[in-house]
Amino acid sequence: MQSTELDPTLSQTLNAAEKAGLKLVIGNKNYSSWSMRPWVVMKAFGIPFEEVRVGLGKPETSSMIAQYSSAGRVPVLVAGTTSVWDSLAICEYLAEQFPDKGLWPRDVEARAVARSICAEMHSGFTGMRTAMWMNIRASFPGKGRTPEAQADIARVCEIWEDCLTRSGPHHFLFGDFSIADAYFAPVVMRFRTYGVWLPPAVQAYVDRVVAHPAVAQWIDGALKETERMEKYDSYPD
């Protein structure tokens with residue numbers, strides 16, 4: 001970790017995070033889609049935490065992550081003596097610990113749908129993941145359009161259109177911003193990087209996600225990073 005001088009406001013935030021015992025271990029913001037999800041949730045809902053960023057793809061990466069989780073992957077949420085090492089499990093843990101913040105939709109039916117689409121995102125969409133990896137700084141318009149990726153893009157649009165039909169065309173997937181929107185935020189990043197054409201209502205939703213302060217802060221952090229991972233910084237012809 002780099003040591004930097006902190007402004008008073010940030011110092012207060014980190015002090016609060018230390019008292020709460022919350023530490024979020026993440027990878028590079030430019031590349032780590034799984035890290036983005038709980039980070040955005042915590043920022044969006046004002047949950048204080050200390051950020052520990054581990055550079056991916058380096059000789060020391062595995063040993064650094066092993067200090068926080070034997071699973072060997074990021075993100076990891078350290079809460080006192082408890083470690084939670086899966087992005088969806090982290091989000092569920094946070095929802096339990098901060099029930100008044102409404103991380104999930106409050107309506108029972110909406111909450112069930114939100115959990116379902118997050119679980120689908122968590123376990124599926126391998127075609128898009130494989131052919132359209134996250135690289136916020138890059139621009140690969142038209143690349144990655146394998147049949148499997150195209151099918152995943154269509155399914156994402158179907159999910160978003162269905163949710164927006166229920167919540168309203170000017171809102172997030174379930175009205176207010178929730179875990180579900182944070183969970184699909186890396187997909188929004190991919191659609192921008194790969195220049196995916198989207199129906200107007202879906203594109204408007206993408207624009208709302210990008211403009212959300214927590215997402216915008218993550219993007220800003222990604223753009224300021226200087227590390228490069230060559231295998232993700234170019235797209236083979």
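Helices (H or I, at least four residues) and strands (E, at least two) are taken as DSSP runs, numbered from the N terminus. Two strands pair if DSSP finds at least two bridges between them. The model is predicted: local features need pLDDT of at least 70, side-chain atom pairs count only at pLDDT 80 or more, and totals for chains, interfaces and linings use all residues. Residues are numbered from 1 along each chain as its sequence is written, and side-chain values use heavy atoms, with hydrogens and water left out.

Four strands make up an open sheet with mixed pairing, in the order β2-β1-β3-β4. β2 (50-53) and β4 (82-84) stand at the edges; each has a single partner strand, so one side of each lacks a neighbour in the sheet. From one strand to the next, the twist averages 20 degrees. Angles run from 0 to 180 degrees between N-to-C directions, and axes are lines fitted to C-alpha atoms, for helices over the stretch in contact. Strand β3 (residues 76-79) and β4 run antiparallel and are joined by three bridges. In this pairing, Val78 lies opposite Ser83 of β4. Helix α2 (residues 33-44) packs on the sheet and touches β1 (22-26), β2 and β3. Contact here means heavy atoms within 4.5 Å. The direction of α2 makes about 145 degrees with that of β1.

Pro75 is placed in the loop between α3 and β3. The peptide bond from Val74 to Pro75 is cis, with omega near 5 degrees. Phe125 sits in the loop between α5 (108-123) and α6. Phe125 is not a glycine, yet has a positive phi of about 60 degrees.

The second largest pocket holds about 700 Å³ of space. A pocket is an open set of points on a 1 Å grid over the protein atoms alone, where a 1.4 Å probe fits, with protein on both sides within 12 Å along at least five of seven lines; lining residues have an atom within 4 Å of a point. Grid points are joined across faces, edges and corners, and the volume is the space filled by probe spheres set on the points. This pocket is lined by 25 residues, the closest to its centre being Ser32, Ser33, Trp34, Arg73 and Val74. α2, α3 (61-66) and α11 (230-233) each supply at least two lining residues. The largest share, three residues, comes from α3.
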